[in-house]
Every structure is written in structure tokens, then in C-alpha cells.
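Below is a short report on the inner spaces and packing of one protein model. Please look over the sequence and the model before reading on.

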Amino acid sequence: MYIDDVFHEIDVLPGMAEFKSLCHRVQLAADNVRGKPLGRIPLPNLIFAAAPGCGTTLHIRLLTELLKALKLLPFTGEEECFEWVLMKDEKSFDRFLLRVKAAGGFYGQFRGVIGLDVSALMNGADQFGVMERLMEYVEARQGKILFVFIIPEDTPDRTLRQLMGLFASISPVELIHMPFPAEEARQYLAGRLEARGYTITPEASALLEDAVRKLSATDEFEGYQTLLSLTEVIIWHKVSRQA
């Protein structure tokens, strides 16, 4: 994929100002070192503080495409990126290592982007030392794997500081806030209804905004797929009601 194509996909994302800023700074860094003997750019690992349904999978894929187009990461393996969920149990990290090995496949090693959901490690004691083993692995694979740690948007500031502190002697790290773009979502929902022939009055617009806000705060919210379902529900209630 060409750089302009990648940025078109990035720039049309609803909201996500911090992610877009990161991507443009990555391009600037690539431009600044092109033709200069500066060696490898020390890319930061990332922490996505993400709201439910904000699309972390899409953002990780776009980041991977950007790094590939800019030639900033030496990709190796049968996959370029994948996502994994780390749990607190004793075998969790071993399962993760097997997944990394599978991503390398025939090539015998994996170099690329890994999205790691570490939400389960943010609460309570880590009796099996999963986070400690992970940090050791991150340090060992610095420059070969870019890690994107995914945590809940509402993670307390104290916990965020502790997590970022773990990176202090390992690698650069950037925190990217990824709130669900409620205003853009309301406009998306209104656009879907208008495309089906309905007029959105100011009163209806306010009701849609309230519905999106409440939905996006629930554990069951799955982003735009939920909004598509809500569109169908609204239309059904409209057509099945006496005028």
C-alpha cells in the first residue's frame, strides 16, 4: 500500500486525534532521517487507552501499513501484525510465546507489530509475574517488534503512571487516548437513517446523541456494528407503529 493511500485511510477515521498525530509524526521522523546516517529510529512502544468499540484492530493494521510503507520496521514472518490477550494465569505468557512463534512460521522468527490487550493485568496482584516476563521480552525484542498495549480508556491515572514507569529503562513509550468518537458516531447514525429516507429533526438528533452516549458506555458496545443494529431497531419501531 502506498503512503498516500495509508494516510487517506488514517485521516478519514472519525475522531482519534492523538492516533492521527502520532502517524504524522512517524512520517515526519522518516522524512527527517532519510539519507542521513542516523541508524535505526527508536520507535516508541505504544499504550492505547481505548474505549469499547473504538476499533483498535483497524488502528493497529493502519499503523502496520504505515511502518511498512515508510520502511521503518524490518518485517519478517508469515504475518505482519496480530493481536493477543494476556491473562493472569500461569500459562498465559507461554501461550503468547507460541503465538509469536506461529506468526513467524516458515521464517523462524517474527518481526512486526503486536497488539497486546493487558487489561486483565491492570487489576489486582500479578502472582505469576506475567507483566515482569512481558517487560523482559519487550526489552529483548526492542527494534524488532513494536508492541501496542491495549488497556481500558477508564484506567486510573495512577495505574497509567505505573505502567509507563515500567518502560523507563526499556524503551520510549507513548500513551494514545482513544475515546469513542460519540459526535461522529451520532452523525454516522443520522446519515444511515437519512439514507433510508428519514428526516432527522433537532429533537431526534438530541435523542440520537443521548442514545450513542449511553450505548458507548456499556460493555456490550461493539462500535459501528452496534450502531448499524440500532439503525435497524429504530426503523423497525418507526414502521411498526401507527402513524
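Which residues line the second largest cavity? They are Leu22, Val26, Leu43, Pro44, Leu46, Leu63, Leu67 and Leu146.

This is a predicted model: local features need pLDDT of at least 70, side-chain atom pairs count only at pLDDT 80 or more, and totals for chains, interfaces and linings use all residues. Residues are numbered from 1 along each chain as its sequence is written, and side-chain values use heavy atoms, with hydrogens and water left out.

**Cavities**

The structure holds 2 cavities of 30 Å³ or more. A cavity is a set of points, on a 1 Å grid over the protein atoms alone, where a 1.4 Å probe fits but cannot get out; lining residues have an atom within 4 Å of a point. Volume is the space filled by probe spheres set on the points, which are joined across faces, edges and corners.

| Cavity | Volume | Lining by class |
|---|---|---|
| Largest | about 80 Å³ | 6 nonpolar, 3 polar, 2 charged residues |

The lining of the largest cavity includes Arg40, Asn45, Gln142, Gly143 and Lys144. Leu43 and Leu146 also belong to that lining. Helix 2 (17–33) and helix 3 (56–69) each supply at least two residues of the latter lining. Helices (H or I, at least four residues) and strands (E, at least two) are DSSP runs, numbered from the N terminus.

**Nonpolar cores**

A nonpolar core joins buried Ala, Val, Leu, Ile, Met, Phe, Trp, Tyr and Cys residues through side-chain atoms within 4.5 Å. Buried means under 20% relative accessible area, exposed over 50%, partly exposed in between (1.4 Å probe, protein chains only). The largest core has 30 residues; Phe19, Phe48, Leu67, Leu146 and Val148 have the most contacts inside it. Apart from it lies another core of 29 residues, among them Phe82, Ile114, Val118 and Leu163.

Leaving out residues up to four places away in sequence, Val148 touches several residues, including Phe48, Leu63 and Ile114. Contact means heavy atoms within 4.5 Å.

**Glu79**

Glu79 sits in the loop between helix 3 and strand 2 (81–85). Its relative accessible area is 26%, so Glu79 is partly exposed. Beyond four places in sequence, Glu79 contacts Arg99, Ala102, Ala103 and Phe110. The side chains of Glu79 and Arg99 make a polar contact at 2.9 Å.

Technical notes:
On a 1 Å grid over the protein atoms alone, a cavity is a set of points where a 1.4 Å probe fits but cannot get out, and a pocket is an open set with protein on both sides within 12 Å along at least five of seven lines; lining residues have an atom within 4 Å of a point. Ala, Val, Leu, Ile, Met, Phe, Trp, Tyr, Cys and Pro count as nonpolar, Asp, Glu, Lys and Arg as charged, and the others, Gly among them, as polar. A polar contact is a pair of N or O atoms within 3.5 Å; within protein, one must be able to donate a hydrogen and the other to accept it, and residues adjacent in sequence count only if both atoms are side-chain atoms.
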